[in-house]
Number of protein chains: 2
Amino acid sequence: MKRIGKRTLSFANPPRIFSYASVVGKKEHEGPLAAEFDLYTTDRFYGEETFEKAESKLQKTAMQTALKKARMTNEDVDHIFAGDLLNQCIGSSFGVREFGIPFIGLYGACSTMALSVGLACLFTDSGASRHAMAVTSSHFCSAERQYRFPLNYGCQRPPTSQWTVTGAGALIVGQGEIGACVPSVTFGEIQDLGIKDMNNMGAAMAPAAASTLLHFFEDTATGPEDYDLIFTGDLGSVGSQSLYILLDREGVDIRCRHSDCGLMIFDREKQDVHAGGSGCGCSAAVLCSYIMHRLEEKKLRNILFMSTGALMSPTSAFQGESIPGIAHLLQIKSD
Amino acid sequence: MKRIGKRTLSFANPPRIFSYASVVGKKEHEGPLAAEFDLYTTDRFYGEETFEKAESKLQKTAMQTALKKARMTNEDVDHIFAGDLLNQCIGSSFGVREFGIPFIGLYGACSTMALSVGLACLFTDSGASRHAMAVTSSHFCSAERQYRFPLNYGCQRPPTSQWTVTGAGALIVGQGEIGACVPSVTFGEIQDLGIKDMNNMGAAMAPAAASTLLHFFEDTATGPEDYDLIFTGDLGSVGSQSLYILLDREGVDIRCRHSDCGLMIFDREKQDVHAGGSGCGCSAAVLCSYIMHRLEEKKLRNILFMSTGALMSPTSAFQGESIPGIAHLLQIKSD
C-alpha cells in the first residue's frame with residue numbers, strides 16, 4: 001500500500017470483496033431495489049422485544065449471511081469493523097457480541113460503511129487480518145425516537161428531511177483472486193459550513209462529500225469521466241443538488257455519473273420519504289446488494305462509493321452547534 | 001507487520017510515540033498524579049458554555065499541546081483517531097473539527113485509548129500515515145448526566161461505582177528513532193458474562209481484560225514476569241480483583257505487576273471516588289503523563305497498556321441487557 005497525493009491510499013494488490021449480504025425492512029423491500037436484497041422482514045421488531053434489539057439482529061443476520069455465502073466460519077475472520085447511529089453504538093456491540101472475533105468499534109454516522117470497509121481493506125492488505133468483516137446498520141424506529149420525536153407523536157416532517165433506512169449490510173474482504181477489488185481508499189476530514197437544521201442532513205453532508213471527492217480526483221489525477229458511476233451514501237435530493245453546486249465552483253460536473261443510495265432505495269413519488277433515504281444502513285444495504293451485483297455482472301466496472309455522515313447529536317443541536325459532516329471514499333473495480 | 005499467534009500484531013519496525021500531552025480537571029489535579037499532567041483547569045466548563053463543549057476543548061487542547069511539544073503542525077499529521085463516551089461521540093467530532101486532518105471516529109467506550117493508538121500504529125507502520133494522532137476524552141459532568149442522573153439530583157452512589165475522569169490524552173506516533181515504541185498490539189473481542197449492574201463497570205470489563213491479556217501471553221509465549229508493569233485502564237478496585245480471580249483460574253498471577261489507571265489517578269482515601277476513576281480520559285491521561293514519563297526516564301522499560309471498555313448504553317440497560325466488555329492491548333517499550 002502506498003499513499004498517493006495527499007490523502008489517498010492505493011493498494012498494490014487490491015483487497016477483494018469475497019462476500020456480502022444485505023437485510024432490510026418492509027418499506028425498503030417495497031422500494032425499487034426489492035429484488036436485490038438477500039433478506040427482508042416485514043416485522044419492525046424483527047421478532048425481538050425492542051427496536052434496538054431488532055437493529056442488532058439486522059447486523060447479526062447480515063454478517064451470518066455474508067459468512068454463509070462465502071462458506072466461511074467465524075474462525076476465518078480476524079477483525080470486525082462495525083458502527084451504527086445509536087447512542088454508544090449498541091446496534092453493533094450487541095450485534096457482534098456472540099461472534100468471538102476481535103471488534104473495532106467505529107462511529108462515523110452515515111459514513112460508517114465506507115469507513116469500515118476502508119479500514120478492513122487496510123487490515124487485510126497489511127497482513128493484520130486474513131479476512132476482515134465490515135458491517136453497519138440503521139433502523140427507522142430506533143433512529144427516529146432517538147434523534148427526533150417519539151414515533152407515536154406523529155410529527156410532521158419538512159421536505160428536506162430524510163427517511164432512515166431499516167437495514168444492514170455486511171461484507172468480507174481479503175486477499176485473493178475472486179470478487180470485486182478495492183484499489184484505493186480516501187479517508188475524509190470534517191467539513192462544517194454552519195448548517196444547523198437537523199432536518200436537512202443532506203446540506204450538512206454535501207461539503208464533506210465535495211471535499212473528499214475533490215481530494216481523491218486531485219490525488220489520483222482522475223475525474224468523473226474515469227468512473228462508470230459515483231455513488232454517494234445518503235445525500236438525498238437536497239444534498240445531491242448542494243454537492244453539484246459545490247463541485248461546479250471547482251469546475252467538476254458529476255451530474256450524469258452520479259447516483260445516491262438514498263435516492264435509489266425508495267421511490268420518492270410513491271413512498272413519502274421526502275428528500276430520500278438515510279442512515280448507516282442505507283449505503284450499506286445498497287452497496288451489499290445493487291452495487292455489488294452490478295459489479296459482478298460487469299455492468300459496472302469501475303466506481304466510486306462515498307458514504308457521508310452528519311456528526312451531530314441531539315445534544316449538540318440543542319446547544320446551538322452546527323452539524324459537522326464527513327465523507328469517506330472507496331474505489332471499487334470488477335476485473 | 002506480522003500476525004503472531006491468533007490475535008497479536010507485531011511490528012518489525014515498531015512505531016514510536018513522538019509526542020504526547022494530557023489535560024485534566026480540578027479533581028484529577030488534586031490527586032496523586034497532579035505533577036504529571038501538562039495542563040489542568042479548575043473550571044468544569046473550561047471557559048465554555050456547556051460540559052460537552054468543555055470536553056471537546058479538552059481534546060482540542062491535548063492535541064494542540066502534543067503537536068506543539070513535537071514542533072509539528074496539523075500538516076504533519078495524516079490521520080486522527082478519536083472517540084469518547086458521549087452520544088454520537090460529539091466530544092471528538094467537535095474536538096477535531098477544526099484540524100483539517102482526515103478523521104477516523106471510534107467507539108470503544110473506555111477502551112478507546114488503546115484502540116486509537118493501536119490503529120494509529122498500524123496506519124504509520126503500513127505507510128498509510130506519516131504521523132497519526134490518537135486522542136480520547138471524558139468529562140465527569142457530561143458523562144454523569146448522560147449515563148446516570150442529573151448532576152444536581154445528588155444521587156447516592158454504591159461502593160462499586162467509579163468516578164468518571166475529566167481529562168483527555170493525545171499522542172502522536174510515527175516511524176523514527178526517538179521515543180518509546182509500540183512493538184505489538186492485540187485487539188480484543190467482546191466478552192459478556194451477564195453483569196447487568198451499571199454501577200459495577202469493573203466487574204463487567206474484567207472478563208474482557210482477562211481474555212485479551214491471555215490471548216496476548218499465548219500469542220507471544222510470554223507471561224507477566226516478562227513485563228515491568230501491566231496497566232489496565234479503569235477496572236478500579238472491584239474490576240481489578242475480578243481480573244485477578246479470572247486469571248488465577250488460568251494459572252496466571254499479575255498481582256505484583258499490575259497497576260490500574262483508575263486507581264492511580266485518584267486518592268481513594270481522600271477523594272471519595274469509591275471504586276476508582278473511569279472513562280476514556282482516565283487511561284488516556286495516565287498514559288500521556290505518568291506512564292510515558294516513566295518510560296522516558298527508563299524507570300519502566302517494557303510494559304503492557306490495556307484499556308477496557310463497557311459497551312452498554314442507558315437504553316440497553318433499561319431494556320434488561322447485560323454489559324458487553326472489551327479490552328485492547330498495547331505493548332510499549334523504551335529502548
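How many residues does the contact take from chain B and from chain A? The contact takes 48 residues from chain B and 48 residues from chain A, where two residues are in contact if their C-beta atoms, placed from the backbone, lie within 7 Å.

This is a predicted model, in which local features need pLDDT of at least 70, side-chain atom pairs count only at pLDDT 80 or more, and totals for chains, interfaces and linings use all residues. Residues are numbered from 1 along each chain as its sequence is written, while chains are lettered from A and ligands numbered from 1 in the order in which they are written.

On the side of chain B that touches chain A, the elements giving two or more residues include α2 (51–69), β5 (79–83) and α10 (314–318) of chain B. Helices (H or I, at least four residues) and strands (E, at least two) are DSSP runs, numbered from the N terminus. The largest share of this side, four residues, comes from α3(B).

Within chain A, the domain assignment gives domain 1 (2–174) and domain 2 (181–333); such bounds come from an automatic or database assignment. The C-alpha centres of these two domains of chain A lie 17 Å apart. In the contact between them, 57 residues of domain 1 of chain A meet 59 residues of domain 2 of chain A. To the domain 1 side, α4(A) gives the most, with seven residues.
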